[in-house]
Amino acid sequence: MDAAFTEEQGEIRRTLRELLLKRCGPDGIRAAVRTRAGYDEPLWRQLAEQLGLPGLAVERRHGGVGCGPTELALACEETGRMLLPSPLLATAGLVAPLVAALGTRTQRTELLPRIASGELTGALALPRTSLPVALGLTAPGGGDWAGGGRAGGVQARPGVDDPGWRLYGDAEQVLDGHSAGVLLVAARTGGYARGRTLLFVLRPDVVRGVRRTRLTALDETRPQARIELRDAEADLLGLVDDEVPAALARLGGSVAAMLAAEAVGAADRALEMTVEHVRAREQFGRPIGSFQAVKHRLADLYVSVQAARSAAYYAAWAAGDTAEAVDAGAAGDAEMAGDAGAADDVRAAGDAGIALAQALETLRAVTAEAVQLHGGIGVTWEHDVQLYFKRAASDGLLFGPPERLRARAAEVAGLFAGRPEREAVAP
């Protein structure tokens with residue numbers, strides 16, 4: 001493993017940081033989250049035109065940059081520093097890879113260039129489950145979580161007079177679902193006894209029977225929506241025999257690496273703001289940062305942030321290395337490559353789950369200390385620290401908890417395999 005970043009990767013980071021410092025201040029963030037889209041649309045178009053951010057991991061033949069999980073993680077670290085509200089995670093991290101992996105040639109040709117150009121944003125609707133479960137980060141997955149219409153979730157049935165499908169059901173907490181131009185909806189088909197989970201492409205602004213409601217969220221910089229489908233027309237993504245749960249599991253490592261890097265960026269910025277404050281705030285005629293107790297607390301936080309950053313970088317590298325190994329193997333024996341790729345995907349998701357757990361815990365610890373060291377102003381609406389504290393609390397609920405991430409990683413690694421159960425002790 002070469003731990004050094006390439007010149008191109010360093011340039012992505014520097015350019016993105018400079019652009020965000022110019023265009024994305026605290027006041028701008030507060031104004032952006034109150035818009036209809038929930039993010040700064042002109043800034044998103046600028047990021048697409050100058051950096052190709054939405055298409056960072058899209059292949060060049062589809063108009064993308066052709067990079068991988070490492071570049072996405074570096075971009076997420078910079079957006080996390082600013083708490084940038086944007087559809088980057090939902091569009092570039094979830095929708096684009098699924099379209100590339102499962103979509104037909106027509107679907108890839110139609111959707112991926114528009115996603116890469118920033119013209120089209122996407123969202124993934126997963127009914128009756130959280131994102132970590134579907135991605136295999138906190139549970140083995142399997143697809144049963146999609147449920148069915150009456151049992152909750154979304155049910156799909158073939159159209160009567162048309163070749164498409166009809167969707168019925170609800171999905172909650174869909175990231176950026178209220179503003180996305182295209183939705184990928186996981187739905188159950190084939191009834192309850194022999195049902196299976198498939199993904200469907202839905203254009204909410206074009207078809208009828210779709211109701212989208214933006215939810216009130218703890219973290220306004222990460223918008224969420226409720227999707228209600230009532231006989232909504234949709235197209236199947238790919239083919240009926242595509243393994244959707246397996247495709248989602250293959251995303252686990254890269255998405256967890258993106259989220260870990262994003263949390264590290266937020267923790268790093270919260271720590272910087274805290275250091276700046278303790279240098280300026282005086283008590284007993286001297287800066288409070290000169291007190292030894294404060295120095296020790298900040299030193300511990302610094303070590304935690306650096307350790308979490310290293311773990312996030314390793315998770316991104318492992319996810320990219322796994323994808324390259326699977327592609328190389330697929331050129332040979334497809335069956336053996338598929339088996340090896342599935343095992344590698346599970347291991348990569350386990351590694352990334354550990355990194356995500358560490359990053360979430362670090363962000364929670366740093367923001368909690370930041371609020372304490374800022375004193376009363378740290379919880380006021382006008383101060384920026386409370387935004388980072390809310391991000392930490394929200395991410396812990398949406399993408400954790402860390403205990404389950406670590407438990408799944410231990411299960412994947414086989415740490416508890418063959419462990420004898422404790423014998424019952426007579427009272």
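## Salt bridges in this model

A salt bridge is a side-chain nitrogen of Lys or Arg within 4 Å of a carboxyl oxygen of Asp or Glu. By this rule the model has 29 salt bridges. One of them joins Arg61 to Glu59, with 2.5 Å between the closest N and O atoms.

Arg61 counts as exposed because its relative accessibility is 65%, and Glu59 counts as partly exposed because its value is 42%.

## Basis of the values

This is a predicted model, in which local features need pLDDT of at least 70 and side-chain atom pairs count only at pLDDT 80 or more, while totals for chains, interfaces and linings use all residues. Residues are numbered from 1 along each chain as its sequence is written, and side-chain values use heavy atoms, with hydrogens and water left out.

## Helix H1

Helices (H or I, at least four residues) and strands (E, at least two) are DSSP runs, numbered from the N terminus. Helix H1 covers residues 7–23, which makes 17 residues. From its first C-alpha to its last, H1 reaches 24 Å, close to the expected 24 Å; the expected span is 1.5 Å times one less than the number of residues.

The buried residues in H1 are Gln9, Gly10, Ile12, Leu16, Leu19 and Leu20. Helix H3 (41–51) and helix H4 (69–82) are included in what covers these buried residues. Contact here means heavy atoms within 4.5 Å. An α-helix has 3.6 residues a turn, so residues three or four places apart point the same way.

## From H1 to H4

Arg17 and Glu78 form a salt bridge whose closest N and O atoms are 2.7 Å apart. This pair links distant parts of the chain, since Arg17 is in helix H1 and Glu78 is in helix H4, 61 residues apart. Arg17 is partly exposed because its relative accessible area is 33%, whereas Glu78 is buried because its value is 2%.

Both residues belong to a network of salt bridges that also includes Arg13, Glu77, Arg81, Asp268, Arg269, Glu272, Glu276 and Arg309.

## A loop and a strand

Glu243 forms a salt bridge with Arg196, and the closest N and O atoms are 3.7 Å apart. Here too the pair links distant parts of the chain: Glu243 is in the loop between strand S7 (224–236) and helix H8 (244–280), and Arg196 is in strand S5 (residues 196–202), 47 residues apart. Glu243 counts as partly exposed at 49% relative accessibility, and Arg196 is partly exposed at 29%.

How values were computed
Buried < 20%, exposed > 50% of the residue type's maximum accessible area, 1.4 Å probe, protein only.
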